[in-house]
Amino acid sequence: MHSASTIPGLHWRGIAPPLALRDYKLIAFDMDSTLISIETLDEMADLMGKKAEVAALTEAAMRGEIKDYKQSLRERVALLAGMPEAALDEVYEQRVRINPGAETLIAACKAAGLTCLLVTGGFTCFTDRLRVRLGLDDVRANVLEIVDGRLTGRLLPQAWGDICDGEEKRRKLLEVCAALGVGPERAIAVGDGANDLPMMRAAGLSVGYRAKPAVREEVKVAIDEGGLDRLLELMAR
């Protein structure tokens, strides 16, 4: 990333700080390894003794090495067939950790009048709780099929489609912008993996948080060290 930054661990290009947070009306966050510190699917697989297999597929997908993200996700979810529903509670309660600075950044955005959106290839069993915990305004996520208290290894179709992939993240960002009556240039997109790039390319300000190399090369802001609230260092006080 070619950068004009002199701040260690925080790099930018194509913008001229300080920016005005109030000039934006929407901030869209990815969940896994962005808003929270883990990959939830990998941690679910760990409880089934399949973490290495699933994590390798997740990492390849996030690096952009797997072209069919939807099929990759279906394959990873299929490996979780038979998992007890109670294990989802265990993952959330014992393994999910909010990334440093996330709550501070969200609070600042809400105070500045931004709508806060969570868009993820992860699952509603986690996003529903995070929405309440963090005061998020809207969510797009996938739904795990559960029958007789166990995961079937399948995802349930929803009104908007079957899987929230990169293109669906982009569509949701544009949908919320339209509902707010603003163009996508007034949106901020925050993520770390290749499936975040479509929404990042659509948004006026793209932010990579400890992002994969392919993502870091495209974003306007890269936070490589510290918390998510480092974005506020580029905003007017």
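At what angle do the axes of helix α2 and helix α3 cross? In this predicted model, the axes of α2 (residues 51-62) and α3 (residues 69-78) come within 10 Å and cross at roughly 165°. Since an angle over 145 degrees counts as roughly antiparallel, α2 is roughly antiparallel to α3. The protein chain is divided into domain 1 (8-38 + 98-234) and domain 2 (41-94). The points below take up the domains, the sheet, the helix pairs and the backbone in turn.

**Domains**

- Domain 1 is made of two stretches of the chain, 8-38 and 98-234, while domain 2 covers 41-94.
- The C-alpha centres of domain 1 and domain 2 are 20 Å apart.

- Eight strands form an open sheet with mixed pairing, in the order β1-β8-β7-β6-β2-β3-β4-β5.
- The edges of the sheet are β1 (10-12) and β5 (150-156). Each of these has a single partner strand, so one side of each is left without a neighbour in the sheet.
- From one strand to the next, the twist averages 20°.
- Strand β3 (residues 115-123) and strand β4 (residues 138-147) run parallel and are joined by four bridges. Within this part of the sheet, Leu117 stands opposite Asp138 in β4.
- Strands β4 and β5 run antiparallel, and four bridges join them as well. Here Ile146 stands opposite Leu151 in β5.
- The hairpin of β4 and β5 has two residues between the strands, and Asp148 in this hairpin takes a positive phi near 55°.
- Helix α3 lies across β3, β4 and β5, and runs at about 170° to β5.

- The crossing of α2 and α3 is left-handed.
- On the α2 side, this contact involves Val54, Leu57, Thr58, Ala61 and Met62, which meet Tyr69, Ser72 and Arg76 in α3. By class, the contact of α2 with α3 has five nonpolar, two polar and one charged residues.
- Helix α1 (residues 40-47) also packs against α2: their axes come within 8 Å and cross at roughly 165°. This angle makes α1 roughly antiparallel to α2.
- The crossing of α1 and α2 is right-handed, whereas that of α2 and α3 is left-handed.
- The contact of α1 with α2 is made by Leu41, Asp42, Glu43, Ala45 and Asp46 of α1 and by Lys51, Val54, Ala55 and Thr58 of α2. Its residues divide by class into four nonpolar, one polar and four charged.
- Val54 and Thr58 of α2 take part in the contact with α1, and Val54 and Thr58 also meet α3.

**Helices α4 and α6**

- Helix α4 (residues 86-95) and helix α6 (residues 124-134) pack at an angle of about 40°, and their axes are 10 Å apart. That angle makes α4 oblique to α6.
- The crossing of α4 and α6 is right-handed.
- Leu88, Asp89, Val91, Tyr92 and Glu93 in α4 meet Cys125, Phe126, Arg129, Leu130 and Arg133 in α6. These residues divide into six nonpolar, no polar and four charged.

**Backbone features**

- In general, most residues other than glycine have a negative phi, and most peptide bonds are trans. The following points concern exceptions to these two patterns.
- The peptide bond from Pro17 to Pro18 is cis, with omega near 5°. Pro18 is placed in the loop between β1 and β2 (26-29).
- Ser33, a residue other than glycine, has a positive phi near 65°. Ser33 lies in the loop between β2 and α1.
- Arg210, likewise a residue other than glycine, has a positive phi near 45°. The loop between β7 (205-209) and α9 (213-216) holds Arg210.

Technical notes
Residues numbered from 1 in each chain as written. Predicted model: local features only at pLDDT ≥ 70, side-chain atom pairs only at ≥ 80, totals over all residues. Heavy atoms only, no water. Axes fitted to C-alpha atoms, helices over the stretch in contact; angles between N-to-C directions. Parallel < 35°, antiparallel > 145°, perpendicular 65-115°, else oblique. Left-handed = near helix turned anticlockwise from the far one by under 90°. Contact = heavy atoms within 4.5 Å. Nonpolar A, V, L, I, M, F, W, Y, C, P; charged D, E, K, R; others polar. Pairing = 2+ DSSP bridges. Domains from an automatic or database assignment.
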